[in-house]
Amino acid sequence: MTEPEPVTNNDDRLMIEIQAGNSCAFEELVDCYQAPLIGFFFRNTRDRQMSEDLTQETLLRVYNQSWDYLPMGRFRGWMYRIARNLMIDSIRRQSHDALIRAVQTRDEDDNALARLVGEVVSPEDQTHVKELAQIVDNLLQQLPELQRTTFVMHHYAGLTLSEVADATETTTSTAKSRLRLAREKLQEKLLSRGVRGPAEDY
């Protein structure tokens, strides 16, 4: 019996080409992940400049560590683990004031915020999505770091729970539990403001 071939997706294809010295492949990877990474960092730090700087550093590390990557279909988990570790290190170096500084959310974040609203607010209460999105975005900052990161990775960056587990160096069941707790806490905080959560069971 022959061994099954490893899973190869577009991310793996690009990484293989980067390992072969193809600079165009890295540019394509940057085009694909620059905006999602900025969004991920911004959801967690509330600092636009920090988010852009961390995104650049993450992508540079992806390039510099490309030889360490094994193309087995787990690129996003690997990249977001780099991103999260960089963020933790950066936050440790920042003052508390820098982390809570008010930053105006750009228009391109609105659609992603609307998707987050859909995860924790009932359809009947989604009439004013933009206002609710800002509330949800602010409430995210009140969650424990791992729960917030899991929620943002899954719902904003679109990672599967398996990829979130890779990124946060835990098991899929733990990632699922953190996601459930994050949703429950967001719904509880929204309920205290008179906003109901969706009826379906997560």
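The model is a predicted one, in which local features need pLDDT of at least 70, side-chain atom pairs count only at pLDDT 80 or more, and totals for chains, interfaces and linings use all residues. Residues are numbered from 1 along each chain as its sequence is written, and side-chain values use heavy atoms, leaving out hydrogens and water.

**Overall build**

- The protein has ten helices and zero strands; helices (H or I, at least four residues) and strands (E, at least two) are DSSP runs, numbered from the N terminus.
- Along the sequence, the pattern reads α-α-α-α-α-α-α-α-α-α.
- Of the 202 residues, 45% count as buried; buried means under 20% relative accessible area, exposed over 50%, and partly exposed in between, with a 1.4 Å probe and protein chains only.
- Taking contacts (heavy atoms within 4.5 Å) between residues at least 6 apart in sequence, 70% join residues at least 24 apart.

**Where α9 meets α10**

- The axes of helix α9 (residues 161–168) and helix α10 (residues 172–191) come within 8 Å and cross at roughly 100 degrees. Here axes are lines fitted to C-alpha atoms, for helices over the stretch in contact, and angles run from 0 to 180 degrees between N-to-C directions.
- α9 and α10 are therefore roughly perpendicular to each other; angles under 35 degrees count as roughly parallel, over 145 as roughly antiparallel, 65 to 115 as roughly perpendicular and the rest as oblique.
- On the α9 side, Leu161, Ser162, Val164, Ala165 and Thr168 meet Thr172, Ala175, Lys176, Arg178 and Leu179 of α10.
- By class, this contact of α9 with α10 has five nonpolar, three polar and two charged residues. Nonpolar covers Ala, Val, Leu, Ile, Met, Phe, Trp, Tyr, Cys and Pro, charged covers Asp, Glu, Lys and Arg, and polar covers the others, Gly among them.
- Thr150, in helix α8 (residues 145–155), is in contact with Val164, Ala175, Arg178 and Leu179, leaving aside its neighbours within four places in sequence.
- Thr150 is buried, at 0% relative accessibility.

**Aromatic rings**

- Across the whole structure there are seven aromatic pairs. Rings of Phe, Tyr and Trp (its six-membered ring) pair if their centres lie within 6.5 Å; planes under 30 degrees apart count as stacked, over 60 as edge-to-face and the rest as tilted.
- Phe40 and Phe41 make a tilted pair, 5.3 Å centre to centre with 55 degrees between the planes. Phe40 is buried at 0% relative accessible area, and Phe41 is buried at 0%.
- Phe75 and Trp78 also pair in a tilted way, at 6.0 Å centre to centre and 45 degrees between the planes.
- Both Phe75 and Trp78 lie in helix α4 (residues 75–93), three residues apart, or about one turn of the helix. Phe75 is buried at 1% relative accessible area, and Trp78 is buried at 12%.
- Tyr33, Tyr69, Phe75 and Trp78 are linked into a cluster by ring pairs.

**Charges over rings**

- Arg43 lies over the face of Tyr156, 5.2 Å from the ring centre. A charge sits over a ring if NZ of Lys or CZ of Arg is within 6 Å of the ring centre and within 35 degrees of the ring normal.
- Arg48 has its charged end over the ring of Phe42, 4.4 Å from its centre.

**A look at Gln49**

- Gln49 belongs to helix α3 (residues 48–64) and is partly exposed, at 47% relative accessibility.
- Between the C-alpha atoms of Gln49 and Ile38, eleven residues apart along the chain, the separation is 9.4 Å.
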